[in-house]
Amino acid sequence: MTIAKPLSHFLSASMALALQCAPVFAATVHSPDEAAVKAVTEQFAADLARGDLKAISRLYTDDAKLLPPNAEAISGRPAILAYFENTLRPDLVGGAKFDHYEIYGGGNAATSISQMVLLDGKNHVIEHGKQTIVLLKQDGKWKIHRDMWSDNAPANTGN
């Protein structure tokens, strides 16, 4: 019992120190390649506006994974293209806008978190959501390695 109290104080002090330092650590992990990482998402939006799903698939690594909401992971560039051909067809989705970026990492890996809006062909909003992507630098270019997103609409609980 005598060990529990000092251990508790030590853990509390450690947590307080970690919380005090968190802003400093967060500030230091922003990517020096922030513009290049953001450009990948902006290229996704430009390719989507043109309906060029093959160009979108080339933004991904060969062994990329999509992690769509309420579905199994989609693995590999060919499967990702097939998924997009079913879900991002120009008759369903006319474009996307991304903003409020948070970009972290550096070297050969980065993470981008953003807000997204999907639009139909008449520029009407069809979905508000958020996206988290992990990018890897390959042959000097940033490529999407993992892509996860969700809609901001309340979940349908079936009640």
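Biologist: A nonpolar core is a set of buried Ala, Val, Leu, Ile, Met, Phe, Trp, Tyr and Cys residues joined through side-chain atoms within 4.5 Å. Which residues of the largest nonpolar core touch the most other members?

Modeller: Please note that this is a predicted model, in which local features need pLDDT of at least 70, side-chain atom pairs count only at pLDDT 80 or more, and totals for chains, interfaces and linings use all residues. Residues are numbered from 1 along each chain as its sequence is written, and side-chain values use heavy atoms, without hydrogens or water. Buried means under 20% relative accessible area, exposed over 50% and partly exposed in between, with a 1.4 Å probe and protein chains only. The largest nonpolar core has 29 residues, of which Phe44, Leu48, Tyr60 and Phe84 touch the most other members.

Biologist: Which elements give two or more residues to this core?

Modeller: They are helix 2, helix 3 (53-57), strand 1, helix 4, strand 3, strand 4, strand 5 and strand 6. Helix 2 contributes the most, with 5 residues. Helices (H or I, at least four residues) and strands (E, at least two) are DSSP runs numbered from the N terminus. As a general point, nonpolar side chains in soluble globular proteins tend to be buried together.

Biologist: Let us stay with helix 2. Which of its residues are buried?

Modeller: Val37, Val40, Thr41, Phe44, Ala45, Asp47 and Leu48 are buried in helix 2. Contact means heavy atoms within 4.5 Å. With neighbours within four places in sequence set aside, Leu48 is in contact with Leu53, Ile56, Leu88, Val93, Gly94, Gly95 and Ala96.

Biologist: What span should helix 2 have, and how far apart are its end C-alpha atoms?

Modeller: The expected span is 1.5 Å times one less than the number of residues. For the 17 residues of helix 2 (residues 34-50), this rule gives 24 Å, which agrees with the 25 Å between the end C-alpha atoms. Gly51 follows helix 2 and has a positive phi, near 75°.

Biologist: Which strands does helix 2 lie across?

Modeller: Helix 2 lies across strand 1, strand 3, strand 4, strand 5 and strand 6, and runs at about 160° to strand 3. Axes are lines fitted to C-alpha atoms, for helices over the stretch in contact, and angles run from 0 to 180 degrees between N-to-C directions. Helix 4 (residues 77-87) lies across strand 1, strand 2 and strand 6, at about 50° to strand 1.

Biologist: Turning to the sheet, what is the order of its strands?

Modeller: The order of this open sheet of 6 strands is 2-1-6-5-4-3, with mixed pairing. Strand 2 and strand 3 stand at the edges with a single partner strand each, so one side of each lacks a neighbour in the sheet. Two strands pair if DSSP finds at least two bridges between them.

Biologist: Which strand pairs with strand 1 in the parallel sense?

Modeller: Strand 6 (residues 141-151) pairs that way with strand 1 (residues 60-67), over 4 bridges. Lys65 stands opposite Arg146 in strand 6. Strand 1 is also joined to strand 2 (residues 74-75) by 2 bridges, and those two run antiparallel.

Biologist: How many bridges join strand 4 to strand 5?

Modeller: There are 11 bridges between strand 4 and strand 5 (residues 125-138), which run antiparallel. Ser112 stands opposite Ile133 in strand 5, and the bridge partner of Ile133 in strand 6 is Asp147. Strand 5 and strand 6 are joined by 10 bridges and run antiparallel. Strand 3 (residues 95-106) and strand 4 (residues 109-119) are likewise antiparallel, with 10 bridges.

Biologist: Where are the positive phi values in the hairpins?

Modeller: Gly107 takes a positive phi near 70° in the hairpin of strand 3 and strand 4, which has 2 residues between the strands. In the hairpin of strand 4 and strand 5, with 5 residues between them, Asn123 in the turn has a positive phi of about 65°. Asn70 has one of about 55° in the turn between strand 1 and strand 2, where 6 residues separate the strands.
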